[in-house]
Amino acid sequence: EVMKAKKHGHQEFVTIKLVKGCFKNPSRARMLLREIMILRKLSEMEDNIFTTKLYDIILPNGVM
């Protein structure tokens, strides 16, 4: 699920991606890890205007 939200205390909008059950399946977990790694690299590029910037990753309780 992907949701649009307003950043707390700002007028800026952010996108929140909720991924359910990805740690139950090793191949889905690897795919999500690859996606995070790519987004992190793209977020570091100053002139990148084509992808969403990765601000934070929140893991469910018990997942480290």
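A salt bridge is counted where a side-chain nitrogen of Lys or Arg lies within 4 Å of a carboxyl oxygen of Asp or Glu. In this predicted model, the count comes to three salt bridges.

Of the 64 residues, 9% count as buried. Among contacts with a separation of 6 or more, 15% involve residues 24 or more positions apart.

Charged side chains comprise 12 positive and 7 negative ones, and the centres of the two sets lie 9 Å apart. One of the salt bridges joins Lys20 and Glu1, with an N to O distance of 3.3 Å. Lys20 is in the loop between strand E2 (13-17) and helix H1 (26-44), whereas Glu1 is in the segment before strand E1 (2-6), so this pair ties together parts 19 residues apart in sequence. Both Lys20 and Glu1 are exposed.

A salt bridge is also formed by Glu35 and Lys17, at 2.7 Å from N to O. This pair links distant parts of the chain, with Glu35 in helix H1 and Lys17 in strand E2, 18 residues apart. Glu35 has a relative accessibility of 31% and therefore counts as partly exposed; Lys17, at 47%, is likewise partly exposed.

Glu12 and Lys7 form a salt bridge in which the closest N and O atoms are 3.8 Å apart. Glu12 is partly exposed at 34% relative accessibility, and Lys7 is partly exposed at 29%.

Conventions:
Residues are numbered from 1 along each chain as its sequence is written. This is a predicted model: local features need pLDDT of at least 70, side-chain atom pairs count only at pLDDT 80 or more; totals for chains, interfaces and linings use all residues. Side-chain values use heavy atoms; hydrogens and water are left out. Buried means under 20% relative accessible area, exposed over 50%, partly exposed in between (1.4 Å probe, protein chains only). Contact means heavy atoms within 4.5 Å. Lys and Arg count as positive and Asp and Glu as negative; His and the chain ends are not counted. The place of a charge is taken as NZ of Lys, CZ of Arg, CG of Asp or CD of Glu. Helices (H or I, at least four residues) and strands (E, at least two) are DSSP runs, numbered from the N terminus.
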